[in-house]
Amino acid sequence: MKKYKIGYTQGVYDMFHIGHLNLLNNAKKYCDYLIVGVNSDALVEQYKHKTPVINQEERRIIVENIKAVDSCEVVDTLDKVENYKRLHFDAIFIGDDWKGNARWAKTEEDLKPYGVDVVYLPHTQGVCSTDLRKVEDKHVGE
């Protein structure tokens, strides 16, 4: 039996790569039902000051077609308590590269009264969308 009934994870999932797939597959191992929030284009522009390469609807379609994902929706906030109040998950999953980060320490504290665990999963080393974007930009100039 899985440790959690409903799990949640959230991200941009721009230029979907093996690190994204590993996170989703690992998260699913811990829950019966996995909900994935795909950050809206406007949200990404607001906090990352970047326009995603792939638009939010296409990113949502890609993510919802991953075998490990049971439900997927576009989200407009990074506030995990707000997302919890709407989605009622038991655990939230994030890469362990965020462990010790002030924002995630606050998220742990904010979710504790609701009985939601923050679970840090192994981060896939050597791959991230930001680096892929740099490679793409380099090739465009050639």
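Mentor: Let us begin with the idea of contact: two residues are in contact when heavy atoms lie within 4.5 Å. Please keep in mind that this is a predicted model.

Trainee: With which residues is S40 in contact, leaving aside its neighbours within four places in sequence?

Mentor: Apart from those neighbours, S40 touches Q56, R59, V74, V75 and D76. S40 belongs to the loop between β2 (31-39) and α2 (41-48).

Trainee: Is S40 buried or exposed?

Mentor: A residue counts as buried under 20% relative accessible area. S40 has a relative accessible area of 2%, so this serine is buried.

Trainee: How should I read the backbone angle phi?

Mentor: Most residues other than glycine have a negative phi. In this model, Y13 has a positive phi of about 60°, although it is not a glycine. M15 likewise has a positive phi, of about 50°, and is not a glycine either.

Trainee: Where are Y13 and M15 found?

Mentor: Y13 is in the loop between β1 (4-11) and α1 (18-29), and M15 is in the loop between β1 and α1 as well. Y13 is buried, with a relative accessible area of 4%. M15, at 16% relative accessibility, also counts as buried.

Trainee: How is a sheet to be read, and in what order do the strands stand here?

Mentor: Strands of a sheet pair through backbone hydrogen bonds, either parallel or antiparallel. Here five strands form an open sheet with parallel pairing, in the order β3-β2-β1-β4-β5.

Trainee: Why is one side of β3 and of β5 left without a neighbour in the sheet?

Mentor: β3 (71-75) and β5 stand at the edges, and each has a single partner strand, so one side of each lacks a neighbour in the sheet. From one strand to the next, the twist averages 30°.

Trainee: Over how many bridges do β1 and β2 pair?

Mentor: β1 and β2 are joined in the parallel sense over seven bridges. As an example, Y8 has I35 as its bridge partner in β2. Helix α5 (residues 102-111) packs on the sheet and touches β4 and β5. The direction of α5 makes about 145° with that of β5.

Trainee: Which residues have the most contacts inside the largest nonpolar core?

Mentor: This core has 18 residues, and those with the most contacts inside it are Y13, L24, L34, V36, V63, V69 and F93. At least two residues of the core come from each of α1, β2, β4 (91-95) and β5 (117-121). β2 gives the largest share, four residues.

How values were computed: Residues numbered from 1 in each chain as written. Predicted model: local features only at pLDDT ≥ 70, side-chain atom pairs only at ≥ 80, totals over all residues. Heavy atoms only, no water. Buried < 20%, exposed > 50% of the residue type's maximum accessible area, 1.4 Å probe, protein only. Core = buried A, V, L, I, M, F, W, Y, C linked by side-chain atoms within 4.5 Å. Pairing = 2+ DSSP bridges. Axes fitted to C-alpha atoms, helices over the stretch in contact; angles between N-to-C directions.
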